[in-house]
Amino acid sequence: MGIAQLVGFTTATVVLVGMPGPNNLYISLRSLTQGRRAGVVSALAIETGTLVYIVVAAMGLATLVKASPALFTAITLAGALYLAYLGVKMLKAPAGEPTDGVPPAPLGRVFRDGVVVNLLNPKAALFFLAFLPQFTTRDAAAGQLRNEMLLLGLGALLIGLTLDLCYALAADALGRRFRAVRTTTPWRNRIVAAVYLTLAAAAVLTV
């Protein structure tokens, strides 16, 4: 990859990965309501999901998904349903006394949910199906193509992790002020639920 192509890849990846979407908002919400540790765990979870995408793309399974619109639609709808499930779960969270934030989840659950959110994120799927292949060598042998996809994917992962941690730290800084205001849990839950449900609706509209 030449310098110009490398700059183009890096710039486009920063723009595409940094744009607000299910991954970024999941990290921000966790960090905002539960603190920096949960935000960092969420960022690591998101990029664990990215590792799965990298392996899948390098093995050529991404081509299969791209060739099957029905399969891609199913993945998109599954992602929308999961986001809707998280939103409904927040709406059903027990209302109680004012707290310092949305009732915290164990870090193991935070990590698991982050991985699932990324794996069922249509934006992430499109990134590996439509964007990364543009920077591979045309008519390359299978082995070379696999290696190129692995390197491009790892580059995207490093950029994504850097941006994810920035989201986590920024949301935590904002959350410190937000949590200092003694608002009631139901309203906070409804705000978070509205974000999840809006993302779910947006994902359905892309099908």
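**Exercise 1. Which residues of helix 7 are buried?**

Step 1. Buried means under 20% relative accessible area, exposed over 50%, and partly exposed in between (1.4 Å probe, protein chains only). Helices (H or I, at least four residues) are DSSP runs numbered from the N terminus.

Step 2. Read off the residues. P122, A124, A125, F127, F128, L129 and F131 are the buried residues of helix 7.

Step 3. Helix 7 spans residues 122-131 and is mostly covered, with 7 of 10 residues buried.

Keep the source in mind. This is a predicted model, where local features need pLDDT of at least 70 and side-chain atom pairs count only at pLDDT 80 or more, while totals for chains, interfaces and linings use all residues. Residues are numbered from 1 along each chain as its sequence is written, and side-chain values use heavy atoms, with hydrogens and water left out.

**Exercise 2. Find which residues of the largest nonpolar core touch the most other members.**

Step 1. Define the core. A nonpolar core is a set of buried Ala, Val, Leu, Ile, Met, Phe, Trp, Tyr and Cys residues joined through side-chain atoms within 4.5 Å.

Step 2. Among the 19 residues of the largest core, F9, F127, F128, F131 and L132 touch the most other members.

Step 3. Trace the suppliers. Helix 1, helix 3 (36-58), helix 7 and helix 8 (142-180) each give at least two residues to this core. Helix 8 provides the largest share, 6 residues.

Step 4. Look for another core. One of 7 residues lies apart from it, and its members include Y82, L86, A105 and V117.

Step 5. Zoom in on L132. Contact means heavy atoms within 4.5 Å. Leaving aside residues up to four places away in sequence, L132 touches F9, F127, M149, L152 and G153.

**Exercise 3. How many salt bridges does a search of the whole structure find?**

Step 1. A salt bridge is a side-chain nitrogen of Lys or Arg within 4 Å of a carboxyl oxygen of Asp or Glu.

Step 2. Count. The search finds 3.

Step 3. Take D113 and R30. Their side chains meet at 3.9 Å, N to O. D113 sits in helix 6 (residues 107-119) and R30 in helix 2, so this pair ties together parts 83 residues apart in sequence. Both D113 and R30 are buried.

Step 4. Take R36 and D172. Here the N to O distance is 3.4 Å. R36 belongs to helix 3 and D172 to helix 8, so the pair ties together parts 136 residues apart in sequence. R36 is partly exposed because its relative accessible area is 44%. D172 has 2%, so this residue is buried.

Step 5. Take D113 and R112. Their closest N and O atoms are 3.1 Å apart. R112 is partly exposed, at 45% relative accessibility.

Step 6. Join the pairs. R30, R112 and D113 are linked in a network of salt bridges.

**Exercise 4. Is T33 buried or exposed, and which backbone oxygen does its side chain reach?**

Step 1. Locate T33. This residue is in helix 2.

Step 2. Classify T33. Its relative accessibility is 10%, so T33 counts as buried.

Step 3. Find the partner. The T33 side chain reaches the backbone oxygen of L29 at 2.7 Å.

How values were computed: A polar contact is a pair of N or O atoms within 3.5 Å; within protein, one must be able to donate a hydrogen and the other to accept it, and residues adjacent in sequence count only if both atoms are side-chain atoms.
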